[in-house]
Amino acid sequence: MSFLAIDIGNTRLKWARFDGAQPGATLLEHGAVFLEHIEDLAEREWSTLPAPQQMLGANVAGDAVRRRVEEQLECWDLAPRWVVPSSHEAGVHNGYDHPTRLGADRWVALVGARSQVLRRGLQKPCLVVMVGTAVTVDALDLEGNFLGGLILPGHGIMLRALEGGTAGLRVPTGEVREFPTNTSDALTSGGNYAITGAIERMHRHLLQRTGIPPLTLMTGGAAWKVAPALDIEHELVDGLLFDGLLALEADNQTRRAATASSA
Ligand SMILES: Nc1ncnc2c1ncn2[C@@H]1O[C@H](COP(=O)(O)OP(=O)(O)O)[C@@H](O)[C@H]1O
Ligand SMILES: CC(C)(COP(=O)(O)O)[C@@H](O)C(=O)NCCC(=O)O
Ligand SMILES: [K+]
């Protein structure tokens, strides 16, 4: 049995095939494509991939993108399944006012983070940071309750907004500096500190709420750009979304088996 996990963000689709659908399953192959190249998946990256028997995906890029991906999945005999955030699943309680309106990627990352906390036997709250097209900073307490989180623009969106809204800010990428003395460095540092500042702020909120310094897990295509300037202890976790998808799929299968045996 092999399992395909798919994470579709607003910039790229990330996929991974595992040798099973339980937390800790072995990663067999993985890849990422920009959304413009989804139409090539079945002909290229997936053409040599052994057929997976099951898949689960998280999509925040809209229904049109989801349909384009489902067309590519037709190269295999498999039912596409997509995560819809609920109020309670795989050990996480969703504290959003309207649980289904939480981004599926955020929900999956929270589930992945919770399963990591439990697997490591930690008695800690957890801060879940994703740095992609947008940045999200989500708080999980000691019991696996999702308390709430921040959404802010990612680096690219911040820069494009400033370029578009002004006459004098079209400059090359700069360096992160404490006291920037040119426009390029001022913009790059401003964006970087906006993101790290928000993360540090949420870290403080969670510490104040729970009294315990949280485990901070950071993922996403641009996490490596943020990490050097982040003044709190943290870990970069590449496959956090895949961990979450594995945990949710394992949970779903247990539930389906229970329904089947009671029918
Ligand atoms: N190969 C790369 N080199 C530099 N930056 C990258 C690369 N891939 C992704 N990024 C950065 O990561 C962001 C996309 O990350 P990703 O996690 O794929 O986002 P999303 O989940 O929103 O699609 C881009 O906006 C870019 O800033
Ligand atoms: C916040 C997001 C845009 C992040 O998207 P990403 O950067 O991963 O492409 C996405 O999680 C989303 O569309 N969320 C729905 C709204 C919410 O979570 O409240
Ligand atoms: K994402």
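Modeller: What follows is a set of questions and answers about a ligand site and one backbone angle. This is a predicted model, in which local features need pLDDT of at least 70 and side-chain atom pairs count only at pLDDT 80 or more, while totals for chains, interfaces and linings use all residues. Residues are numbered from 1 along each chain as its sequence is written, chains are lettered from A and ligands numbered from 1 in the order in which they are written, and side-chain values use heavy atoms, without hydrogens and water.

Colleague: Which residue has a side-chain N or O atom 2.5 Å from an oxygen atom of ligand 1?

Modeller: A polar contact is a pair of N or O atoms within 3.5 Å. An oxygen atom of ligand 1 lies 3.4 Å from a side-chain N or O atom of K225, and an oxygen atom of the ligand is 3.3 Å from a polar backbone atom of A222. The side chain that answers your question, with its N or O atom at 2.5 Å, belongs to T133.

Colleague: How much of the 560 Å² that ligand 1 exposes when taken alone does the protein bury?

Modeller: Accessible areas come from the Shrake-Rupley method with a 1.4 Å probe. Of the 560 Å² exposed by ligand 1 alone, the protein buries 69%.

Colleague: Is A90 buried, partly exposed or exposed?

Modeller: A90 sits in the loop between strand 5 (88-89) and strand 6 (92-94), where strands are DSSP runs (E, at least two residues). Buried means under 20% relative accessible area and exposed over 50%, with partly exposed in between (1.4 Å probe, protein chains only). Because its relative accessibility is 24%, A90 counts as partly exposed.

How values were computed:
A polar contact is a pair of N or O atoms within 3.5 Å; within protein, one must be able to donate a hydrogen and the other to accept it, and residues adjacent in sequence count only if both atoms are side-chain atoms. Helices (H or I, at least four residues) and strands (E, at least two) are DSSP runs, numbered from the N terminus.
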